[in-house]
Amino acid sequence: AARPWEVVGTDDTATFSLTEPPYGSRVAGTITVGGHIAGVDESIRVTARQLHGVVGGYCCLPAGASAPWSVPLRLTGTQPGPVTVVASTGGHLAVVERFTVTGVRSG
């Protein structure tokens, strides 16, 4: 109800993090996106976005317990500039319950 809103960063925790690709790195083609998750019956969705729209998506990686996670994410239609990579979990109480982001560069 309070839209629009802006995310300016995340405070990754031991329960959900996004550590790959590293913040600020250059990306192209298919990249590995990953981090760490703790929880039960989780499902991780990954999306990459630029100002003109979605440039990559992966759904859905089953996850749980305390473990590293990673998925291949194919980037298509990227333009030179910033890419926001978002990993989210949800589905129990809301569509998105937890999320983590990182910023990388294309081109």
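Q: What makes a residue a contact of Trp69 in this predicted model?
A: Contact means heavy atoms within 4.5 Å. Leaving aside residues up to four places away in sequence, Trp69 touches Phe16, Ser17, Val33, Gly34, Gly35, His36, Ile37, Ile44, Val46, Leu61 and Ala87.

Q: Why is the pair of Phe16 and Trp69 called tilted?
A: Rings pair if their centres lie within 6.5 Å, and planes under 30 degrees apart count as stacked, over 60 as edge-to-face and the rest as tilted. The centres of the Phe16 and Trp69 rings are 6.2 Å apart, so the two rings pair. Their planes stand at 35°, so the pair is tilted. The count by this rule is 1 aromatic pair.

Q: What makes this pair a tie between parts apart in sequence?
A: Phe16 belongs to strand β1 and Trp69 to strand β4, so the pair ties together parts that are 53 residues apart in sequence.

Q: Are Phe16 and Trp69 buried or exposed, and what does that word require?
A: Buried means under 20% relative accessible area. Both Phe16 and Trp69 are buried. For the protein of 107 residues, 34% count as buried.

Q: What makes a set of residues a nonpolar core, and which members touch the most others in the largest one?
A: The members must be buried residues of the nonpolar kinds, joined through side-chain atoms within 4.5 Å. The largest such core has 20 residues, and Val33, Ile44, Val46 and Trp69 touch the most other members. At least two residues of this core come from each of β1 (16-20), β3 (30-50), β4 (53-74) and β5 (81-89).

Q: What makes β5 and β6 a pair, and how do they run?
A: The requirement is at least two bridges. Here 9 bridges join β5 to β6, and the strands run antiparallel. Thr84 stands opposite Gly103 in β6.

Q: What share of the contacts with a separation of 6 or more joins residues 24 or more positions apart?
A: Such residues account for 58% of those contacts in the protein.

Note on methods
Residues are numbered from 1 along each chain as its sequence is written. This is a predicted model: local features need pLDDT of at least 70, side-chain atom pairs count only at pLDDT 80 or more; totals for chains, interfaces and linings use all residues. Side-chain values use heavy atoms; hydrogens and water are left out. Buried means under 20% relative accessible area, exposed over 50%, partly exposed in between (1.4 Å probe, protein chains only). Helices (H or I, at least four residues) and strands (E, at least two) are DSSP runs, numbered from the N terminus. Rings of Phe, Tyr and Trp (its six-membered ring) pair if their centres lie within 6.5 Å; planes under 30 degrees apart count as stacked, over 60 as edge-to-face and the rest as tilted.
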